[in-house]
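Please look at the sequence and the model together before reading on. The paragraphs below are meant to be read with both in view.

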Amino acid sequence: VEYPIDVSYTSDERFKRWNYTSYNFTVANFWTTHLVKSEEADSDGPTHNGIFNLYLDEFDEEWTTKIDEFDYLIISSGHWFFRTMVFYENRQIVGCHYCLRDNITSLPIHYGYRKVFRTAFKAINSLKNYKGITYLRTFAPSHFENGLWYQGGKCVRTRPFGSNEIKLEGQNLELYRAQVEEFRKAEKEGKKRGLRYRLLDATHAMLLRPDGHPSRYGHWPHENVTMSNDCVHWCLPGPIDMWNDFLLEMLKREDV
């Protein structure tokens, strides 16, 4: 066992780097809420968790300018897109998701979701010095039942679904399809300059795990707190440990 050395270039906890000296291995975390340039325009909004302006055709340079040196890149994004969003293209408003403004066209989540992955992959393929392998970890569905998160929805199941008990459909399917379709386009484009793309497809596996969320237990036993049910994030240890297993197996298969 080796403990890493913090080699972060900033004190911002959202952008950390750790180096395992004897292995000559560095792992880094880059925080990006929506993969593209975005800003919080209002901390409240219709759902009381913020309104975000998303510039669907602009790179988020907080991460796109810092990945050249890495051999492996893992990208993912999901549930931030269920918040209220105003979509911009060419610096002009083209629509929004649940902004409830009469003068702005209402668009579905997957409209913006598809565009941000298109832009993120475009950013990767445009980097002259990046030679790494890009992994897309696909969308992990939430498991609210009997209402949405702000409507008292909950997740109290204590066992996984059987494969015949649930299927990928509706909004979950739309988001998954948007990811994968844009991934395939980027993979084809990346091949022209020797870039490799890999799909870490966790969606169907995670769909079967309604039992893996904190639910109402996301606090210490001694704390006397009232919390909304968390059916989005995952317990650790828990089902998402298998993402590491998937990734390790995929890395072993690379000829590096």
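Predicted model: local features only at pLDDT ≥ 70, side-chain atom pairs only at ≥ 80, totals over all residues.

With a disulfide taken as two cysteine sulfur atoms within 2.5 Å, the count is 2 disulfides. If the bonded cysteines are numbered in sequence order, they pair as 1-2, 3-4.

One of these bonds is between Cys 96 and Cys 99, with an S to S distance of 2.0 Å. The torsion about this S-S bond is about -65 degrees, so the disulfide of Cys 96 and Cys 99 is left-handed. Both ends lie under the 20% limit for a buried residue: Cys 96 has a relative accessibility of 2% and is buried, and Cys 99 is buried at 6%.

The other bond mentioned here joins Cys 155 and Cys 231, whose sulfur atoms are 2.1 Å apart. This link is left-handed as well, with -95 degrees about the S-S bond. It connects distant parts of the chain, since the two cysteines are 76 residues apart. Cys 155 sits in the loop between strand 9 (133–137) and helix 3 (170–191), while Cys 231 sits in the loop between helix 4 (203–207) and helix 5 (241–252). Cys 155 is buried, with a relative accessible area of 4%, and for Cys 231, also buried, the value is 0%.

Two packed helices are described by the angle between their axes and the distance between the axes. For helix 2 (residues 109–126) and helix 3, the angle is about 20 degrees and the axes are 9 Å apart. Helix 2 is therefore roughly parallel to helix 3, because angles under 35 degrees count as roughly parallel. The crossing of helix 2 and helix 3 is right-handed. The residues of this contact comprise 8 nonpolar, 5 polar and 8 charged.

Helix 3 also contains Lys 185. Lys 185 has a relative accessibility of 48% and counts as partly exposed, because the exposed class begins over 50%. The C-alpha atom of Lys 185 is 8.5 Å from that of Arg 118, although the two residues are 67 residues apart along the chain.

Is Leu 136 buried or exposed? Its relative accessibility is 0%, so Leu 136 is buried. Leu 136 and Leu 200 are 64 residues apart in sequence, and their C-alpha atoms are 5.6 Å apart in space.

The side chain of Arg 17 makes a polar contact of 3.3 Å with the side chain of Glu 69.

Key:
Residues numbered from 1 in each chain as written. Heavy atoms only, no water. Buried < 20%, exposed > 50% of the residue type's maximum accessible area, 1.4 Å probe, protein only. Helix = DSSP H or I, 4+ residues; strand = E, 2+ residues; numbered from the N terminus. Axes fitted to C-alpha atoms, helices over the stretch in contact; angles between N-to-C directions. Parallel < 35°, antiparallel > 145°, perpendicular 65-115°, else oblique. Left-handed = near helix turned anticlockwise from the far one by under 90°. Nonpolar A, V, L, I, M, F, W, Y, C, P; charged D, E, K, R; others polar. Polar contact = N/O pair within 3.5 Å; in protein donor to acceptor, adjacent residues only side chain to side chain.
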